[in-house]
Structures are given as C-alpha cells and as structure tokens.
Amino acid sequence: MEEKVLDKKQNGMGVLLVVIALYGLSVAGLMSKSMVIEVVSGIYCCIGWIFFLGLKVIKPNEALVLTLFGKYVGSLKNEGFYFVNPFCVAVNPAAATRLGQSGDVDENKAAKIFAPNMPSAKSAEAVSRKLSLKSMTLSNAKQKVNDVLGNPVEIGVAVIWKVTDTAKAVFNVDNYKEYLSLQVDTAVRDIVKIYPYDVSPNIDTTGDGNADDGSLRGSTTIVAERIRRMIQEKVSNAGITVEEARITYLAYAPEIAAVMLQRQQASAVIDARKMIVDGAVGMVEMALDRLKENGVVDLDEERKAAMVSNLLVVLCGNHDAQPVVNSGSLY
C-alpha cells in the first residue's frame, strides 16, 4: 500500500460559510409563497447537515487516512481546515488503543478532577480517527530474559518512534501500536540472549567467531542500537520509524540477585588480595635488598625465610600486628 498525500486547498472555512448561508436562505424560503421554493428549502434543511461531515480540521503533526466506500482515497497530513467528500470515512484501527506511552495519555484525567461533568476529549479523538505523527515514547514493562549464560535478567527498554507512512500503518497491520509493542518485546529477547550480563570469557557477541568483551552491563549503547535496528527491520512494513532505543532498567532477576552479589563480592576480595600480596612481595624484596646493600645485618637463608614470613604476615594480615621486642641475641 502506497501513501497518497492529498494536497487539497484549505477551503473548509469557505464551504462552512456557504453552507450556513444556504441554511439562512432555506429558512427564508420556507416562509415564501412559492410551493417549489418551499419544497427545495425543506429538502435542503433536512439534508444540508451532510456537508458538515466533510469539514476536517488537521492540527500540526496529525493526519487523517480517508476511504470512500472501502477504497483508499488519500491522507491529509498538512495542518489546516479542509472540506472533503462528506461520505469519506477516516480510518485508524489503533485510535482506541492505549499503551501507557507519551502519545496515549488521557489528557482529560486531570481536568475531570475539577470538571467531572465535561465531556471527555478521548471519545472525540476516537471518533475523529486522527493519526499522531509526533515522536512518541513506548516504555514496555520489564521483561525477564535469560542471557547467553542462562542467567535470568530483568530488562526494560524505552523506544522513541513515530508514524511516517500513514497508509502502511493503517492498512498493512491490524493495529500498529500493538504490533510495535510486540516487536519490541521479541527484539529485546532476541538480542539479550546473545550477551552475558557481565564480561565472561569465551563469549562471542558479534558473531565473528572470536571472543570479545561485550556484555549487557558494559555495552548498553551497543546493545540498545542493535535492538533499535532489529525493531526497525520488523516494523518498516507498518510505516513506523524507530528513532532511538535506550535501556532503562537492567538487573539480575530477584531469585539469583543475592547469589550474584556474593559472587561479585568474592571476586572483589580475590582481586584485592592479589594486589595486597603483590605489594607485600615487592616490599619484602626491597627490604632484603636494602639491608644487604647497606650492610646493616648479614642474614643466612634460614633467617631470611623467617624474616620474609614475618613481613608477609604483617603486610597481608587483616589486623594490625602486635609488636614483640626481642631482648636476646639474634642467634
């Protein structure tokens, strides 16, 4: 289905004035003494309201998809006041769909608090069947997905999108909003299962056959871009352009979060111990070399081993060492 943009003249105001003027003449004709004029005036008074159905107001970044007896006529995408065939019907299967996103918020929720008897614009919008061409944000619910290592991960994604082809959005899919939401869910699952949550050895995330350092936690921008491209491939036939995708939430699932925290803590302790031992060995070597160079004391191998042992205990221990004063001979 190819989109046809109607470049009609904005003649809505002129038609409105003409229709109102004809109604005035019809009322005056009903009071005339001519039978023909009275009949014509009466007929117009009964069917003249049909012309009001052809008046359409288009705001900026809005569109109307029009059909005439089931045939696609075209789309109005430029703001203005138009008059179209009164028998044309505006089509938008997703007019009543609410996904909890930026473009689907009920604008009259707050107004209802102060004016509960006022009619809601939500029903009027559903009748008008207008398509929004604005950039909207879809934030689906958090999903639980297994990463490449099988660990359950919770992830949330926000997608910025807009309708660019009104004909495809209306006629190629049943409901373009629900279609987009479903494709976002599937794209997130397809991409997340390629990556580990954190950097792991021997994992290929790019598909080139070589292990790399890609991970959900460390490569969020790359992961989000891959998700955006996959969504775009799936929704192109629905006339939707995905402008941006961002990861808004990422964490281990609650059932393994505590275990993974202990694992991270253990890794941190091991890394810290390695650093302490490396530093302690260097300090012991430096101490022995300085003692030997300055000729302070001449130690045999047994005394060197005892000194190294004592220094390592002092430097690698978790608590402060208690000093012991040797008042006797070294030997």
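Here is a short chat about a predicted model of a protein.

Colleague: How many helices and strands does the protein have?
Modeller: There are 9 helices and 10 strands. Keep in mind that the model is predicted.

Colleague: And what share of the residues is buried?
Modeller: Of the 331 residues, 32% are buried.

Colleague: What about the surface? How much of the accessible surface belongs to carbon and sulfur atoms?
Modeller: Their share is 59%. The accessible surface of the protein is about 20300 Å² in total.

Colleague: Which residues make the nonpolar surface patch?
Modeller: I20, W49, F52 and L53 make it. The patch covers about 390 Å².

Colleague: Take F52. Where is it?
Modeller: F52 sits in the loop between α2 (35-47) and β1 (55-58).

Colleague: Why does F52 count as partly exposed?
Modeller: Because its relative accessibility is 33%. Partly exposed runs between the 20% cut-off for buried and the 50% cut-off for exposed.

Colleague: New topic. Where is T205?
Modeller: T205 is also in a loop, between α6 (176-192) and α7 (220-235).

Colleague: Is T205 buried or exposed?
Modeller: T205 is buried, because its relative accessible area is 2%. Buried means under 20%.

Colleague: What does the side chain of T205 make a polar contact with?
Modeller: With the side chain of D212, at 2.6 Å.

Colleague: Which residues is T205 in contact with, leaving aside neighbours within four places in sequence?
Modeller: D212 again, plus I194, Y195, P196, G214 and R226.

Colleague: Back to the whole protein. For contacts between residues at least 6 apart in sequence, what share joins residues at least 24 apart?
Modeller: That share is 68%.

Technical notes. Residues numbered from 1 in each chain as written. Predicted model: local features only at pLDDT ≥ 70, side-chain atom pairs only at ≥ 80, totals over all residues. Heavy atoms only, no water. Patch = residues over 30% accessible without salt bridge, like charges linked within 9 Å, V, L, I, M, F, W, Y side chains within 5 Å. Areas by Shrake-Rupley, 256 points an atom, 1.4 Å probe, with all protein chains shown as cover. Salt bridge = Lys/Arg side-chain N within 4 Å of Asp/Glu carboxyl O. Helix = DSSP H or I, 4+ residues; strand = E, 2+ residues; numbered from the N terminus. Buried < 20%, exposed > 50% of the residue type's maximum accessible area, 1.4 Å probe, protein only. Contact = heavy atoms within 4.5 Å. Polar contact = N/O pair within 3.5 Å; in protein donor to acceptor, adjacent residues only side chain to side chain.
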